[in-house]
Amino acid sequence: MDLNALANSTGEWLRASGPESDIVMSSRIRLARNLAEFPFISRATDQDRNEIERQLRERILQIQSSGQLQYINVSELEGIDRQFLVERQLISREHAESHGARGVAIDGREQISLMINEEDHLRIQCMHSGLDLAAAWEQINQIDDLIEERVTYAFHPRLGYLTACPTNVGTGVRVSVMLHLPALVITKQIEKVFRSLQKISLAVRGLYGEGSQAMGDFYQISNQITLGRTELDLVQQVGDVVPVLIDYERRAREFLVREKHETLHDQVSRAYGILRTAQTISSEETMHLLSRVRMGVNLGLIPDLAIPDLNELFIHTQPAHLQKLRGVELDTEDRNIERARYLRSHLNKPDGHGAEHN
Amino acid sequence: MKCQKCDKPATFHITELEKGKHQQELHLCEEHARLYLTQTEPEPGSQPTLAGALAQQLAVGQTAEELEKLDKKACPVCGITFFEFRNQGRLGCPHDYIFFEKELEPLIANIHGETAHVGKRPHRYAGGTAHKTELIRMRREMKEAISEENYERASRLRDEIRRVEEQTQQSPPE
Ligand SMILES: [Zn+2]
Ligand SMILES: [Zn+2]
């Protein structure tokens with residue numbers, strides 16, 4: 001697969017075509033699976049890893065009916081290309097930073113990714129735009145069935161699918177929804193929301209950037225429990241809570257529009273202004289400002305920008321993407337200059353529109 | 001008992017048993033237990049995990065000798081010791097769920113609140129195919145035999161592995 005071509009395109013899940021995509025960025029489901037005849041990764045020898053990689057790669061590439069899956073040998077990639085796949089959410093940070101034989105199969109629409117030799121032998125992931133967990137589940141379930149016809153998964157009649165970490169045993173399912181919740185952050189209600197979610201055993205995580213701080217007001221809600229409930233129950237549990245969060249966020253936005261209109265409009269306009277004029281800008285500041293602008297667009301405060309363009313800017317201004325798009329390696333300082341240049345060129349189009357569509 | 005960091009009930013009782021460190025007991029709520037784990041300096045090549053922390057709980061109420069004995073318990077298939085699992089929070093092979101069943105059961109119940117899977121099942125699975133896990137053991141033993149330069153044993157194991165591999169490949173889906 002040509003990663004340079006991928007850098008210029010937009011993943012399906014960024015197109016903001018799914019339901020509630022003003023607030024819900026993406027719906028993602030992943031399954032953890034292991035082959036019965038090999039040790040888990042922590043005890044696997046290099047030879048085991050090679051053999052697991054070979055077998056799974058072959059079986060996965062057999063299932064594609066129309067040649068839509070492409071395989072990337074992650075162990076052979078340069079650091080920047082691995083980082084690029086992480087930013088694209090096609091592989092995990094752990095998978096990028098790990099060592100030994102490993103790879104990922106990706107479909108052209110970037111909805112499906114199959115990671116080989118991550119924490120488990122196989123991790124299947126399906127990602128859709130907006131709140132669309134049912135579609136993601138249907139797709140991932142089908143892929144799992146097709147692979148399962150060709151391999152013997154480690155499975156226990158009582159405990160279910162056996163995983164390297166007991167936190168994933170049973171269904172091996174992680175259902176997550178990424179939400180953009182800037183108004184709950186501004187109105188300082190986000191902590192309260194977290195506490196209530198933890199009570200119903202859902203996990204909340206910030207979207208992490210280069211540092212360790214949650215950035216851009218993006219939060220990921222996912223199930224913690226994987227055993228004792230069916231996959232559909234788990235999908236539903238996460239799915240049920242999302243409309244409630246969307247409602248909270250909308251109410252917080254309405255409150256801001258009603259009670260703090262000038263402050264809000266000012267914040268949004270200043271954020272937009274900085275992004276259009278800055279000469280050097282960090283990835284943290286970019287995320288923060290893009291988040292404000294994104295909310296502003298949703299509230300009709302900025303008429304000439306579209307959400308998909310903004311979603312794309314979130315991804316394209318991250319370190320590895322910038323370098324891939326520019327075609328050169330850049331240090332932090334040069335990246336900040338390049339990021340500002342990229343933002344100016346995409347937010348100051350003569351026709352008043354944002355980023356070009358691909 | 002209350003969490004040491006907040007007013008919530010402490011559901012996690014963690015005993016730090018690291019060598020050279022003063023033995024320390026921590027009583028934390030789930031949220032702070034997580035926070036504590038992600039803050040502790042990870043061992044090189046391993047990350048602290050919820051499962052690992054929960055396994056630390058087993059230490060509470062056990063004597064030093066009992067714990068030492070438990071820690072030495074090693075899976076006959078992959079060779080992982082309970083100590084290694086406690087440290088890394090990652091198991092070594094599918095057989096560990098059977099071999100360490102007694103130790104894992106309370107952890108699994110603690111994490112999930114349940115101990116029985118009710119979801120999807122593969123059409124064929126390793127339940128009736130113990131020889132699948134046997135492959136893990138034989139491959140490990142072959143590697144050991146080679147490193148001990150016991151080539152006679154290694155070649156016997158290799159033939160055995162081939163035989164089992166062929167068998168498993170031929171067996172149709174159940
Ligand atoms: Zn606490
Ligand atoms: Zn084992």
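**View 1. Strands β3 and β4 of chain A in a predicted model.** Four bridges connect strand β3 (residues 103–107) of chain A with β4(A), and the two run antiparallel; strands pair if DSSP finds at least two bridges between them. Helices (H or I, at least four residues) and strands (E, at least two) are DSSP runs, numbered from the N terminus. This is a predicted model in which local features need pLDDT of at least 70 and side-chain atom pairs count only at pLDDT 80 or more, while totals for chains, interfaces and linings use all residues; side-chain values use heavy atoms, with hydrogens and water left out. Residues are numbered from 1 along each chain as its sequence is written, and chains are lettered from A and ligands numbered from 1 in the order in which they are written. Opposite A:Ile116 in β4(A) stands A:Gly103. Four residues lie between β3(A) and β4(A), which form a hairpin; in its turn, A:Glu110 has a positive phi of about 60°.

**View 2. Burial of β4(A).** Five of the five residues of β4(A) are buried, so the strand is largely enclosed by the rest of the structure. Buried means under 20% relative accessible area, exposed over 50%, and partly exposed in between (1.4 Å probe, protein chains only). One side of β4(A) carries A:Ile112, A:Leu114 and A:Ile116, the other A:Ser113 and A:Met115, and all are buried.

**View 3. Strand β5 of chain A and its two partners.** β5 (residues 122–129) of chain A is mostly covered, with eight of its eight residues buried. A:Leu122, A:Ile124, A:Cys126 and A:His128 are on one side, and A:Arg123, A:Gln125, A:Met127 and A:Ser129 are on the other; both faces are covered. Strand β4 (residues 112–116) of chain A is joined to β5(A) by five bridges and runs antiparallel to it. Across this pairing, A:Ser113 stands opposite A:Gln125 and A:Ile112 opposite A:Cys126. The two strands form a hairpin with five residues between them, and A:Asn117 in the turn has a positive phi of about 65°. Strand β1 (residues 24–33) of chain A is also antiparallel to β5(A), with eight bridges joining them. In that pairing, A:Arg33 has A:Leu122 as its bridge partner.

View 4. Six of the eight residues of helix α12 (residues 319–326) of chain A are buried, so the helix is largely enclosed by the rest of the structure. These buried residues are A:Pro319, A:Ala320, A:His321, A:Leu322, A:Gln323 and A:Lys324. Their cover includes α1 (3–8), α3 (79–87), α11 (307–316) and α13 (332–347) of chain A; contact means heavy atoms within 4.5 Å. A:Gly327 follows α12(A) and has a positive phi, near 80°.

**View 5. The zinc ion (ligand 2) in chain B.** Its protein donors are B:Cys75 (SG), B:Cys78 (SG), B:Cys93 (SG) and B:Asp96 (OD), which lie 1.9 to 2.3 Å from the ion. Donors are N, O and S atoms within 2.8 Å of the metal (3.2 Å for Na, K and Ca); water is not among the atoms, so sites may look incomplete. The site is tetrahedral, with angles of 94 to 118° among the four donor atoms; four donors count as tetrahedral if all angles lie between 85 and 135 degrees. The spacing of the donor residues in sequence is C-x2-C-x14-C-x2-D. B:Cys75 lies in the loop between α3 (64–72) and α4 (82–88) of chain B, and B:Cys93 in the loop between α4 and α5 (96–99) of chain B, so the pair ties together parts that are 18 residues apart in sequence. B:Cys75 is buried, with a relative accessible area of 2%, and B:Cys93 is buried at 0%.

**View 6. Chain B as a whole.** Chain B has eight helices and two strands. Its elements run β-β-α-α-α-α-α-α-α-α from the N terminus on. Of its 174 residues, 44% count as buried.

**View 7. The contact between chain A and chain B.** Chain A contributes 49 residues to the contact and chain B 46 residues. The area buried between the chains is about 4,100 Å², with carbon and sulfur atoms giving 57% of it; buried area is the accessible area (1.4 Å probe) that two parts lose on being put together, summed over both. Six salt bridges are counted between chain A and chain B, each a side-chain nitrogen of Lys or Arg within 4 Å of a carboxyl oxygen of Asp or Glu. One salt bridge joins the side chains of A:Asp145 and B:Lys120 (2.9 Å, N to O).

Technical notes: Tetrahedral: all angles 85-135°; square planar, octahedral: opposite > 155°, others 65-115°.
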